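Here are my notes on the strand pairing, in numbered points. Have the model open while you go through them.

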Amino acid sequence: MAGAPAPPTLEVTGEDSIRVRYTLPKGSTHAVVRMRKVGDPSWKVIDASTGKLDEAGTAHTARQQCQCAGLDREEQYEAIVKAKNK
């Protein structure tokens with residue numbers, strides 16, 4: 001049985017974008033990556049097809065990173081990753 005992913009790291013990659021890097025446990029097939037502004041009570045999903053925050057987006061295949069665009073450059077963000085297994 002696979003464990004939980006380690007906490008992700010965030011890297012600013014442009015005016016309005018952040019790269020989220022993470023390591024998935026062995027056997028993981030997909031990852032759901034959620035992000036929010038620090039202090040905001042609600043999480044949004046980084047949609048795998050658009051790379052933008054959404055209420056319910058599609059999961060990423062078992063890559064080790066994803067990109068999120070359309071963010072407010074004046075805000076700080078945090079992310080969490082949930083691994084999906086067969």
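1. Start with alanine 31: its opposite number in β6 is histidine 60. Two bridges tie β3 to strand β6 (residues 60-61), and the two run antiparallel. Strands here are DSSP runs (E, at least two residues), numbered from the N terminus, and two of them count as paired if DSSP finds at least two bridges between them.

2. A word on provenance: this is a predicted model, where local features need pLDDT of at least 70, side-chain atom pairs count only at pLDDT 80 or more, and totals for chains, interfaces and linings use all residues. Residues are numbered from 1 along each chain as its sequence is written, and side-chain values use heavy atoms, with hydrogens and water left out.

3. β3 (residues 28-37) also pairs with strand β8 (residues 77-85), antiparallel, through nine bridges. Look for arginine 36, whose bridge partner in β8 is glutamate 78.

4. Then there's β4 (residues 44-46), joined to β3 by two bridges, again antiparallel. Methionine 35 sits opposite lysine 44 there. The two strands make a hairpin with six residues between them, and glycine 39 in the turn has a positive phi of about 95°.

5. Separately, β1-β2-β7 is the order of an open, antiparallel sheet of three strands. Because β1 (9-14) and β7 (65-68) are at the edges with a single partner strand each, one side of each has no neighbour in the sheet.

6. Within that sheet, β2 (residues 17-21) and β7 share four bridges; arginine 19 has glutamine 67 of β7 as its bridge partner.
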